[in-house]
Amino acid sequence: MDAATIATWMHGIDVVMREEKDHLVQLDAAIGDGDHGTNMTRGFEAVVQALNADSSSPPGKLLILAGRTLVGTVGGASGPLWGSALRSGGRVLGDQPTFEGMQLVEVLAAALASVKDLGTASLGDKTMVDALEPAVETLRARLSGGASVADALGDAGDAAEAGMRSTIPLQARKGRASYLGERSIGHQDPGATSTALIIRALQRAVAQAS
Ligand code: ADP
Ligand code: MG
């Protein structure tokens, strides 16, 4: 995997966020302020533009550029959270031109750590952590067990989607949805939903690279 894998991943996120924009808006309208689809679409559109203007940077630097762009263009909670996540992930790779499966795990683990650090959410708080943490753990476990990156990412995508669905019966303890108290129960978290889309986009980008 290399810089092209990251560029393909970011491009794939941009496409799927536009496709799912209305759905994400609906989910956020139910337990938030209805801007999540707009936030993610605006953010990743800007990321793709920034990456298109950079044809020479290594993968880690592209992730840092993507993160910085998200922070600069998205006002909602998801911008700084995913922005710092991608910057932290990018720093793991330094200036190296390529990376392997276990380093991809470290990139995503650093991204997760950054989200948890900034947002102080734990598993079960009904946030993007509920999709991202199981994805990272599954990816690590499957690669350690000898699976191919493609297979491990497929299972990580399944784990992210299971985590996304697991938010439905939960009461939100972080973010805007927590203001609703018990009324947040019964709705799927928008940030966990977009996170599952982001992991699936990574799976497709890596499949395309190999
Ligand atoms: P805002 O809530 O500012 O309108 P968005 O609508 O773009 O921002 O994003 C909402 C999503 O952000 C939530 O569904 C949740 O997954 C995630 N989120 C909010 N606060 C936190 C937090 N403290 N930690 C982790 N994720 C959070
Ligand atoms: Mg919102």
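Me: How far is an oxygen atom of ligand 1 from a polar backbone atom of M128?
Reply: Keep in mind that this is a predicted model. A polar contact here needs N or O atoms within 3.5 Å. The pair made by M128 and a ligand 1 oxygen sits at 3.0 Å.

Me: And how much of ligand 1 does the protein bury?
Reply: Take the ligand alone, and it exposes 560 Å².

Me: Where does ligand 1 sit?
Reply: There are 20 residues around ligand 1, and those that come nearest are N39, A77, S78, G119 and D189. As for the site itself, ligand 1 is in the largest pocket.

Me: Which backbone N or O atom lies 2.8 Å from an oxygen atom of ligand 1?
Reply: D35 also has a polar atom by a ligand oxygen, but that one belongs to its side chain and lies 3.0 Å away. The backbone atom at 2.8 Å comes from A77.

Me: Which helix gives the largest share of the shell around ligand 1?
Reply: Three helices each supply at least two shell residues: α3 (36-52), α5 (78-93) and α9 (190-209). With three residues, the largest share comes from α9.

Me: What radius of gyration does the chain have?
Reply: The chain has nine helices and zero strands, and its C-alpha atoms fill a box of roughly 50 × 40 × 30 Å along the principal axes. For 210 residues, a compact globule would come out near 17 Å, and the chain agrees with that, at 16 Å.

Technical notes
Residues are numbered from 1 along each chain as its sequence is written. Chains are lettered from A and ligands numbered from 1 in the order in which they are written. This is a predicted model: local features need pLDDT of at least 70, side-chain atom pairs count only at pLDDT 80 or more; totals for chains, interfaces and linings use all residues. Side-chain values use heavy atoms; hydrogens and water are left out. A residue is near a molecule or strand if one of its heavy atoms lies within 4 Å of it. A polar contact is a pair of N or O atoms within 3.5 Å; within protein, one must be able to donate a hydrogen and the other to accept it, and residues adjacent in sequence count only if both atoms are side-chain atoms. Accessible areas come from the Shrake-Rupley method with a 1.4 Å probe; for residues, only the protein chains shown count as cover. On a 1 Å grid over the protein atoms alone, a cavity is a set of points where a 1.4 Å probe fits but cannot get out, and a pocket is an open set with protein on both sides within 12 Å along at least five of seven lines; lining residues have an atom within 4 Å of a point. A molecule sits in a cavity or pocket if more than half of its atoms lie within 2 Å of its grid points. Helices (H or I, at least four residues) and strands (E, at least two) are DSSP runs, numbered from the N terminus. The radius of gyration is taken over C-alpha atoms; the globule rule is 2.2 Å times the number of residues to the power 0.38.
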